[in-house]
Amino acid sequence: MGTSSAMDPCAPQPPLFTFGLIADVQYADIDDGFNFTRTRRRYYRSSLQLLKNALRSWSESAVKPAFILQLGDIIDGFNKPRGASQRALDAVLREFASCPVRVHHVWGNHEFYNFSRSELVGSPLDSSPYADSGPSEVPGQDPIYAYQFSPFPGFTFVVLDGYDVSLLGRQESSEQYNNAMNLIKLYNNNEDLNCPPELECHSRFTMFNGGYSREQLDWLDSVLSAADEKQERVTIVSHLPVHPYSTGSVCLAWNYKDLLAIIRSHSCVVCYMAGHAHDAGYCLDQDTGVHHLTVDGVIETVPDSDAYGTVSVYADKMVLAGKGRMADRVLLFL
């Protein structure tokens, strides 16, 4: 008679839950092109097939993911001047609809190239209805797209709005736009604000990046304080990386130091996940034991490969099983 895994301490233990991970699909129905510096090829049309590959894998998995994290830039900014933004979004949403798994969408710069913030609020890319809670709304202002949810007892995920302070998605007459312009102009004097400043320490101050408002940071601080008290494990997700060893300096959030300081003042955070850079990055913050993971972008993945992963969560670790470009990783809770 065989021994069940429940009775065999040496048998592999099933995860508490799993989730899917994908970033920077940037679909557009156009021919291949290049990045801003013309050093990396981008596969706009075939990115949709790579999304299909990921969704099919999750749909056919014996253990369905509890949810999918889509880390932003789901369609490319090149759709906007072609009048194809909604058509491209409809194409990717049709694919997501084929997968019977809840999706948490993060907003990146390319969402704002295609749509205003007010257009994104309440759209199919607005996952906040799945939230347990989020920051208080300010009358007369678009809400901050940040929220928390708990897929399993003892585990909390926090979605952050990396373009809460930004020139993107805002009316040029708004106070938020003017405040962001005043901030970026302190460090970037280029006529084209998508061109990084010469000083590497200021290179993140470009139009394709953004930052976190005081209101959002205060809300995050309160969420993490509550998680500390309950001894929960917290994973933070955003489009923009915030650890300088997890990505190139040009891809960091404007005020990444403020967010890092809040993370470091709490014991509950185990991982911070981001996209944006298109190349994988990883570092372990030695001071806190927090894993900072920057995820490979689908858009710069060759058509015969893949760039997605499935994360299995256990009591003491998360295990990332990557496909194609995305590497396997074991993220121990320290």
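Predicted model: local features only at pLDDT ≥ 70, side-chain atom pairs only at ≥ 80, totals over all residues.

Guide: Residues are numbered from 1 along each chain as its sequence is written, and side-chain values use heavy atoms, with hydrogens and water left out.

Visitor: At what angle do helix H1 and helix H2 pack?

Guide: Helices are DSSP runs (H or I, at least four residues), numbered from the N terminus. Axes are lines fitted to C-alpha atoms over the stretch in contact, and angles run from 0 to 180 degrees between N-to-C directions. Here H1 (residues 47-60) and H2 (residues 85-97) pack at about 15°, their axes lying 9 Å apart. The two helices are therefore roughly parallel (angles under 35 degrees).

Visitor: Which residues of H1 and H2 make the contact?

Guide: Contact means heavy atoms within 4.5 Å. H1 contributes Leu-48, Leu-51, Lys-52 and Leu-55, and H2 contributes Ala-91, Val-92, Glu-95 and Phe-96. By class, this contact has 6 nonpolar, no polar and 2 charged residues (Ala, Val, Leu, Ile, Met, Phe, Trp, Tyr, Cys and Pro count as nonpolar, Asp, Glu, Lys and Arg as charged, and the others, Gly among them, as polar).

Visitor: How do helix H6 and H7 pack?

Guide: H6 (residues 214-230) packs with H7 at an angle of about 15°, with axes 10 Å apart. That makes H6 roughly parallel to H7. On the H6 side, Arg-214, Leu-217, Leu-220, Asp-221 and Leu-224 meet Asp-258, Leu-259 and Ile-262 of H7. This contact has 5 nonpolar, no polar and 3 charged residues.

Visitor: Which residues have the most contacts inside the largest nonpolar core?

Guide: In soluble globular proteins, nonpolar side chains tend to be buried together. A nonpolar core is a set of buried Ala, Val, Leu, Ile, Met, Phe, Trp, Tyr and Cys residues joined through side-chain atoms within 4.5 Å. The largest core has 84 residues, and Phe-19 and Leu-69 have the most contacts inside it. Phe-19 touches residues including Pro-65, Phe-67, Phe-157 and Met-273. Another core, of 7 residues, lies apart from the largest one, and Leu-167 and Tyr-177 are among its members.

Note on methods: Parallel < 35°, antiparallel > 145°, perpendicular 65-115°, else oblique. Buried < 20%, exposed > 50% of the residue type's maximum accessible area, 1.4 Å probe, protein only. Lists of a residue's contacts leave out its neighbours within four places in sequence.
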